[in-house]
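The sequence and structure are shown first, and the remarks follow.

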Amino acid sequence: MPSPSITIQQRKTVSRRHRRLNDKTLAFLLITPPVLFLLLFTLYPILRVFWMSLHQISVSQPWLGTPFVGLDNYAEAMKDTRFWHSTGFTLAFSLVTVVFEIGFGLFLAIIANKTFPFRSFVRAAILFPWALPTVTNALTWRWMYNSDYGLFNGLLMQWGWIAKPINWLGSTDLAFIAVCIVAIWKTSSFMAIILLGGLQSIGHDIYEAAHIDGASRTQAFFLITLPLLKNVFLVALVLRTMHSLQAFDLMFGLTQGGPGNSTESLPMYIHTKAFIDLEWGYGSALGVLLFVIIFAISMLYLKFLYEPE
Amino acid sequence: MTRYSNINKIIFFMTITALIILSFFPLYWLFISSLKPSDQLFSMPPKLFTLTPTLKHYAAAFHTQPLALYYWNSTVVACITLVITLILGCMIAYPVARLTFRGKSAVLMLVVATSMFPAMTMVLPIFSALRDIGLLNSFIGLGVTHAAFSLPMVVWLLSALFKEVPMELEDAALIDGYNRLQAFLKIMLPLAAPAMATASILVFVNSWNEFLFSFTLMSEAGKRTLPVGIMMFPGEFEFPWATISAAIVVSVVPLVLVILLFQKQVVQGLTNGAVKG
C-alpha cells in the first residue's frame with residue numbers, strides 16, 4: 001500500500017511539469033498578438049518613413065511618380081536654412097525649458113512633500129496645468145498675451161508699469177520667452193510629480209541620522225537629498241528633453257510658428273512639409289533627422305550621467 | 001523661537017497660495033471670460049470677475065459649432081483606446097511578470113522602444129499606412145494609434161503590480177483545479193483593479209488630450225476630437241474668444257473631475273511609471 005505522501009509528491013511533480021510546459025505555450029499565445037501590434041506601430045512605420053525619405057514623393061504632383069533619389073532629401077535638408085533655424089529653435093527651447101522645469105519642479109516637489117492641511121488639494125492644483133490639453137492651454141495663454149485686449153497688458157497698464165501695450169507674441173525675442181513661459185508653467189508640474197516620487201522613497205531615518213551627526217538642513221539637502229535623487233533626475237531629464245524636442249502643440253496653438261518663422265519648432269516644420277506642402281519624401285527625411293537628434297541626445301545623457309548602481 | 005516659526009509658516013502658506021493661484025489662474029480667467037457679457041469681454045482694464053454672468057457663450061459654443069459632436073468623438077476614441085490598451089496591456093504584463101519564457105527581455109525592449117520614437121516621425125508613415133487600408137477618419141484607426149502609444153505605460157504599471165501579488169495565491173488556485181486563465185481572471189484581476197483604475201485614468205487623459213494624431217488622422221470636420229475641434233474654432237479673420245473660452249471650459253470638465261477625484265491615483269501612476277520603470 002503506497003504511502004499517501006508519495007502520491008501527493010508525484011502529483012505535485014506531474015502538475016508542475018505539466019504547468020511549466022503550459023507556461024511557455026501560454027506566454028507565447030498571450031505575448032504574440034500585442035507584440036505584433038507594437039511592431040506594427042514602431043518597426044513598420046520607422047522602416048516605412050526611412051524608405052519614403054529615400055524617394056521623391058510629392059503628393060500634390062502625382063504625375064512625377066515616386067522616383068528613388070537616394071540621400072538627396074537629406075542633402076537638401078543640410079542646405080535648408082529653415083531646417084537649421086527650426087532645429088536651432090527646438091534645441092534652444094528645450095534647453096531653456098528643461099533647466100527651468102527642473103528647478104521649479106524640484107521646488108514644487110519639496111513643497112508637496114511636506115505635511116500640511118489640504119495637501120491633497122494642493123497636489124491636485126499642481127497637477128492642473130499638466131492635465132489639460134496643451135493646445136487649449138496655448139489658446140488660453142494666447143488670449144492673455146494678446147496685445148490689444150489681453151490680460152497682461154491690461155494689468156500692467158492699469159498698474160502703470162508700462163505706458164503702451166507690449167506686443168508679446170509679435171516680436172522675435174518676446175515670442176520665444178512667451179512660448180518658454182507657457183511650456184515651463186505647463187510641465188513643471190509633471191517634473192514635480194516625478195521628483196516627488198523620488199523624495200517619497202527617501203526614508204526619514206537617514207535625515208534623523210544626519211541631524212544627530214550635526215548636519216544642517218541645507219547640508220542634508222545637498223549631501224543627502226540631491227545625490228539620492230540622481231537617478232530620478234536622470235529619468236525626468238531624459239523624458240522631458242525628449243518631449244520638448246517634440247514640441248508641436250504648444251507653438252501651433254500659441255504662435256503658429258510666428259512672427260515670421262521665429263518660433264517654428266522642427267516638428268512644426270515637418271508637419272508643414274508633410275501635411276501642408278505634401279512633400280512626403282522630404283518630410284520623411286526631416287522626420288528621420290528628428291529621430292536621429294532625439295536618439296543622439298538621449299544616448300549622450302545616458303553615457304555621461306547614468307551610473308549603474 | 002515661536003515667532004520665528006510663525007513667520008516661516010506664514011511664508012510657507014503664502015508660497016502655497018501663490019502656487020495655487022499660478023496653477024489655476026489661466027483656467028479661472030477662461031471661466032470668468034466665458035461668463036462675461038460681450039461688452040465686458042474686451043474692457044480695459046480687464047475685470048477679474050463679473051457681476052452679470054451670462055450663459056450666452058455656452059449656448060453659442062453648442063449652436064455655432066458642433067461641440068456636442070466633438071465631445072462624442074473624443075469619448076468614443078478614448079473608450080476604444082482604453083479597451084485595447086487594457087486588454088493588450090494585461091496580455092503583455094501578465095507573462096512578463098509571472099511566466100518564464102525566452103525573449104522576455106526582447107519584449108521589454110520593444111515596449112520601451114515604443115515610447116522612444118518621436119510622434120512627429122511616426123505620424124506620416126502611420127498616416128499613409130492607414131490611408132492605404134482606408135482607416136483615415138475612422139475612430140478605430142485613431143483609437144488603435146492612441147492605444148499603441150499608451151501601451152508602454154500600462155504595461156509598466158500592470159507588470160509592477162502583478163509581480164507584487166504573492167505566488168502562493170495563484171498556486172493555491174491552480175491546485176484547486178483552476179486553469180491559468182481562470183486563476184488570472186479570479187485572482188489576479190480583482191487584485192489588479194486599483195492599478196487598472198490608475199492606468200485607465202492616465203490612458204483616458206492621454207487620449208482625451210492628444211493633438212497631433214487626432215489632428216492629422218481625422219481631417220473630416222465631423223470626426224474631430226475636442227482639442228482639435230476647439231483649435232479649429234477660429235474663423236478666417238476673427239477670433240471668437242468668448243465662444244472658445246466657453247468651449248474650453250466645457251471640454252476640460254471631465255479632466256478637472258478626474259484630477260480632483262483621483263489625484264492620488266494619478267500621482268501614484270506617474271511616479272510608479274517613471275521611478276520604477
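This is a predicted model: local features need pLDDT of at least 70, side-chain atom pairs count only at pLDDT 80 or more; totals for chains, interfaces and linings use all residues.

1. Overall make-up of chain A. The secondary structure of chain A consists of 14 helices and zero strands. Read from the N terminus, the order of elements is accordingly α-α-α-α-α-α-α-α-α-α-α-α-α-α.

2. Dimensions of chain A. The radius of gyration of chain A is 27 Å, whereas a compact globule of 309 residues would have one near 19 Å. Along the principal axes, the C-alpha atoms of chain A fill a box of roughly 100 × 70 × 35 Å.

3. A helix pair within chain A. The axes of helix H5 (residues 119–131) of chain A and helix H8 (residues 172–200) of chain A come within 7 Å of each other and cross at roughly 125 degrees. The crossing in which H5(A) passes H8(A) is left-handed.

4. Residues at that crossing. H5(A) contributes A:Ile126, A:Leu127, A:Pro129 and A:Trp130, which meet A:Trp185, A:Lys186, A:Thr187, A:Ser189, A:Phe190 and A:Ala192 in H8(A). By class, the residues of this contact divide into seven nonpolar, two polar and one charged.

5. The interface between the chains. Here 77 residues of chain A are in contact with 65 residues of chain B. On the side of chain A that touches chain B, the largest share, 15 residues, comes from helix H1 (residues 4–41) of chain A. The residues of that side of chain A comprise 53 nonpolar, 18 polar and six charged.

6. Domains of chain B. The domain assignment of chain B gives domain 1 (2–54) and domain 2 (58–276). Taken over C-alpha atoms, the centres of these two domains of chain B are separated by 33 Å. Their contact takes six residues from domain 1 of chain B and seven residues from domain 2 of chain B.

7. The domain 1 side of that contact. Helix H1 (2–35) and helix H2 (38–41) of chain B each supply at least two residues of the side of domain 1 that touches domain 2. H1(B) gives the most to this side, with four residues. By class, the side of domain 1 of chain B that touches domain 2 of chain B has three nonpolar, three polar and no charged residues.

Terms used: Residues are numbered from 1 along each chain as its sequence is written. Chains are lettered from A and ligands numbered from 1 in the order in which they are written. Two residues are in contact if their C-beta atoms, placed from the backbone, lie within 7 Å. Ala, Val, Leu, Ile, Met, Phe, Trp, Tyr, Cys and Pro count as nonpolar, Asp, Glu, Lys and Arg as charged, and the others, Gly among them, as polar. Axes are lines fitted to C-alpha atoms, for helices over the stretch in contact, and angles run from 0 to 180 degrees between N-to-C directions. A crossing is left-handed if the near helix is turned anticlockwise from the far one by less than a right angle, and right-handed if clockwise. Domain bounds come from an automatic or database domain assignment. The radius of gyration is taken over C-alpha atoms; the globule rule is 2.2 Å times the number of residues to the power 0.38.
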